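Here is a walk through one protein model. Keep the structure open beside the text as you read.

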Amino acid sequence: MDVPFQLGLTGGIGSGKSTVAALLAQAGAAVIDADAIARQLTTPNGLAMPAIARQFGAEFVNAQGALDRNRMRALAFSDPGAKLRLEAIIHPLVAEEAARQGHAAQAVGHPCLVFDVPLLVESARWRQKVDHVLVVDCLAETQIARVMARNGLTRSAVEAIIAAQSSRLRRLQAADSVIFNDGLTLQGLSAEVAMLAPRFKLSFDLAH
């Protein structure tokens, strides 16, 4: 069985990372979304919930059996150690499920596995797993405008999210390839993906 190319995909909020992931999927990649896995783990009766209840107490589990996100957010804001304790529960489970999805995608012949990981740059574990890091980048002002329009958030709320993420410079320093998604149409973004695709064992048809 051919070993698939393992691509790490990351970018700040509003960079267009999800659109690039969708284009790579269109080119034949299997996209493994770390954020989606993490959310699944904390849904009603998700795999992370028993450990969260033990670590933080039953009051952090809502009536449906899911993580009480507002309560956890408030705790993490007042106690920085809480975020680390939560990550210590969730991150190993995410890695386990991502590996399972990766093996399943390899078994059906996907030539490339795309690990879509917002915190890829911050995580030594993820950096060691992938063959190549692709960063989707844009100016901070563009991020702010996109997320305000998309999510209806205030400027200060978006700025706070950006500040909590890895810095743009740190992401760019960790990149093997960069797509600068500022002022690009979808067609232009598709052309950028098509140009990189052969490096990742993918073939992207711009006609579709």
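Which residues lie nearest the centre of the largest pocket? They are Asp35, Lys83, Pro118, Leu119 and Gln165, out of 42 lining residues. This is a predicted model, in which local features need pLDDT of at least 70, side-chain atom pairs count only at pLDDT 80 or more, and totals for chains, interfaces and linings use all residues. Residues are numbered from 1 along each chain as its sequence is written, and side-chain values use heavy atoms, with hydrogens and water left out.

Stay with the pocket. Its volume is about 2000 Å³. A pocket here is an open set of points on a 1 Å grid over the protein atoms alone, where a 1.4 Å probe fits, with protein on both sides within 12 Å along at least five of seven lines; lining residues have an atom within 4 Å of a point. The volume is the space filled by probe spheres set on the points, which are joined across faces, edges and corners. Several helices supply at least two lining residues each, among them H1 (17-26), H2 (34-41) and H8 (155-164). H5 gives the largest share, six residues. Helices (H or I, at least four residues) and strands (E, at least two) are DSSP runs, numbered from the N terminus. The lining divides into 17 nonpolar, twelve polar and 13 charged residues. Gly counts as polar in this scheme.

Now the sheet. Five strands form an open sheet in the order S2-S3-S1-S4-S5, with parallel pairing. Strands S2 (30-33) and S5 (177-180) stand at the edges with a single partner each, so one side of each has no neighbour in the sheet. Neighbouring strands are turned by 25° against each other on average, direction ignored. Axes for such angles are lines fitted to C-alpha atoms. Two strands pair if DSSP finds at least two bridges between them.

Take the pairs in turn. S2 and S3 share four bridges, and Ile32 stands opposite Phe115 in S3. S1 (residues 5-11) joins S3 over five bridges, with Leu7 opposite Val114. S4 (residues 132-137) meets S5 through four bridges, and Leu134 faces Ser177 across that pair.

S3 (residues 112-116) is largely enclosed by the rest of the structure, because five of its five residues are buried. Buried means under 20% relative accessible area, exposed over 50%, and partly exposed in between (1.4 Å probe, protein chains only). Cys112, Val114 and Asp116 cover one side, Leu113 and Phe115 the other.

Conventions. Axes fitted to C-alpha atoms, helices over the stretch in contact; angles between N-to-C directions.
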